[in-house]
Each structure stands twice: as structure tokens, then as C-alpha cells.
Amino acid sequence: MYFNAKDITDFMAQKDFIDTAIVPLVSVDLSNEKIKQSGVEADFLLSLTAFVEQQFKGRLLVMPPFSYSAVMKNEEMPKVLETQLHNAGFKHVFFISCDHFWTNIAEAVNVIWLPAIPLESMDKGVKNSILEDQLRQIIPVFSTKWAQN
């Protein structure tokens, strides 16, 4: 489910079963040197979280991407957001990012870091294969956390 009007209506009706929130952390760098890579990362993260949502529909809610620039990057932000999501009833909160910076706080919050893979020039079959490979890396992280509660 996504954080949109239709899915939130379904979420409210099934809140007892949807215990996990996924928050994509998207770095936005508009400098000439990094804007293309920033776009690649955003495309990859949004494609991956959409793929995760398809696989686990009814178990998790994908939050809108949290976009930030280098000057806004703050280790406290995910901690505060996680607290708000826990207060809203989510047992599990996962942040997914291509920005290695967030691995610094992996002890405090659940951060899944993956290197961005440029998907824009791939045909649909290859793209899905790549996303399936990435999903296979993420599933054990989810399963471990879900088994703890």
C-alpha cells in the first residue's frame, strides 16, 4: 500500500495487519556534477520500493519519499520520523537509501543501503530481474525483524 487517499482508506480498515512502514530516503543533488547520479538513485529507489510494495501488499505501507539535500542531511531526522511512525502504530520501520551516509545510524534505526543501479536504459524484463535480485537481498532483513516480534 502507498501513502495516498485510496490506499490509506484500505490501510485504516486493515491497520491491525499492516505493521511495517518503508521510507525511501532520496538524496537530491542539483549540482552539475551530481544531478544525473541523484536522478539515477531516485529512479532506482522508487522502482525498488514499488517492487517491494507489490510483493508485500497488505503487510506494509510505502511512505512518500523523504527527499533531502546535503545541507538538510541530519542523523536525527530518521530517528524522529521513526518515532512518529511507531506512535502511529507501525511496529517496524525501514529506511531504504542509496546514500551510504545513513549506514552511520544503522544501529539506531533500520537502514537498508543499496547501491543505485541505473535502470533507465534497461528493457522491462532486465529491469524486473535486477529488482528481483535486490528484493532477495532485502527479504532476509525484513524477515529477521518481523521474526523478532
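Which residue forms a salt bridge with E120? Select E120 and K36 to find out: these two form the bridge, with their closest N and O atoms 3.7 Å apart.

**Before you start**

This is a predicted model, in which local features need pLDDT of at least 70, side-chain atom pairs count only at pLDDT 80 or more, and totals for chains, interfaces and linings use all residues. Residues are numbered from 1 along each chain as its sequence is written, and side-chain values use heavy atoms, with hydrogens and water left out.

**Stop 1: E120 and K36**

Stay on the opening pair. A salt bridge here is a side-chain nitrogen of Lys or Arg within 4 Å of a carboxyl oxygen of Asp or Glu. The E120–K36 pair links distant parts of the chain, 84 residues apart. E120 sits in the loop between β5 and α4, and K36 in helix α2. Helices (H or I, at least four residues) and strands (E, at least two) are DSSP runs, numbered from the N terminus. Now colour by accessibility. Buried means under 20% relative accessible area, exposed over 50%, and partly exposed in between (1.4 Å probe, protein chains only). E120 is partly exposed at 46%. K36 is exposed at 56%.

**Stop 2: R59 and D19**

The whole structure holds eight salt bridges. Select R59 and D19 for another one of them, with 2.8 Å between the closest N and O atoms. R59 lies in the loop between α2 and β2, while D19 lies in the loop between α1 (5-13) and β1, so the pair ties together parts that are 40 residues apart in sequence. Is D19 buried or exposed? D19 is buried, with a relative accessible area of 12%. R59 is partly exposed, at 26%.

**Stop 3: helix α3**

Go to helix α3, residues 76-87. Pick K79 and E76, which are three residues apart, about one turn of the helix. Their salt bridge has its closest N and O atoms 3.4 Å apart. K79 is partly exposed at 25% relative accessible area. E76 is also partly exposed, at 43%. Next, select K6, D7 and D10: salt bridges that share partners join these residues into one network.

**Stop 4: the aromatic cluster**

Show F56, F94, F142 and W146 together; they form one aromatic cluster. The structure holds seven aromatic pairs. Rings of Phe, Tyr and Trp (its six-membered ring) pair if their centres lie within 6.5 Å; planes under 30 degrees apart count as stacked, over 60 as edge-to-face and the rest as tilted.

F56 is in the loop between α2 and β2 (60-62) and F142 in helix α4 (residues 124-148), so the pair ties together parts 86 residues apart in sequence. Check their cover. F56 is buried at 17% relative accessibility. F142 is buried at 0%.

W146 lies in helix α4, so its pairing with F56 ties together parts that are 90 residues apart in sequence. W146 counts as buried, at 13% relative accessibility.

**Stop 5: N110**

Move to strand β5 (residues 110-113), where N110 is found. N110 is buried, at 17% relative accessibility. What does the side chain of N110 reach at 3.2 Å? The backbone oxygen of V93. A polar contact of 3.3 Å also joins the side chains of N110 and K145. Such a contact is a pair of N or O atoms within 3.5 Å; within protein, one must be able to donate a hydrogen and the other to accept it, and residues adjacent in sequence count only if both atoms are side-chain atoms. Leaving out residues up to four places away in sequence, N110 touches E82, V93, F94, F95 and K145. F94 also belongs to the aromatic cluster of the previous stop.

**Last stop: V28**

Finish in the loop between β1 (20-27) and α2 (35-55), where V28 is found. V28 is partly exposed, with a relative accessible area of 34%.

Conventions. Contact = heavy atoms within 4.5 Å.
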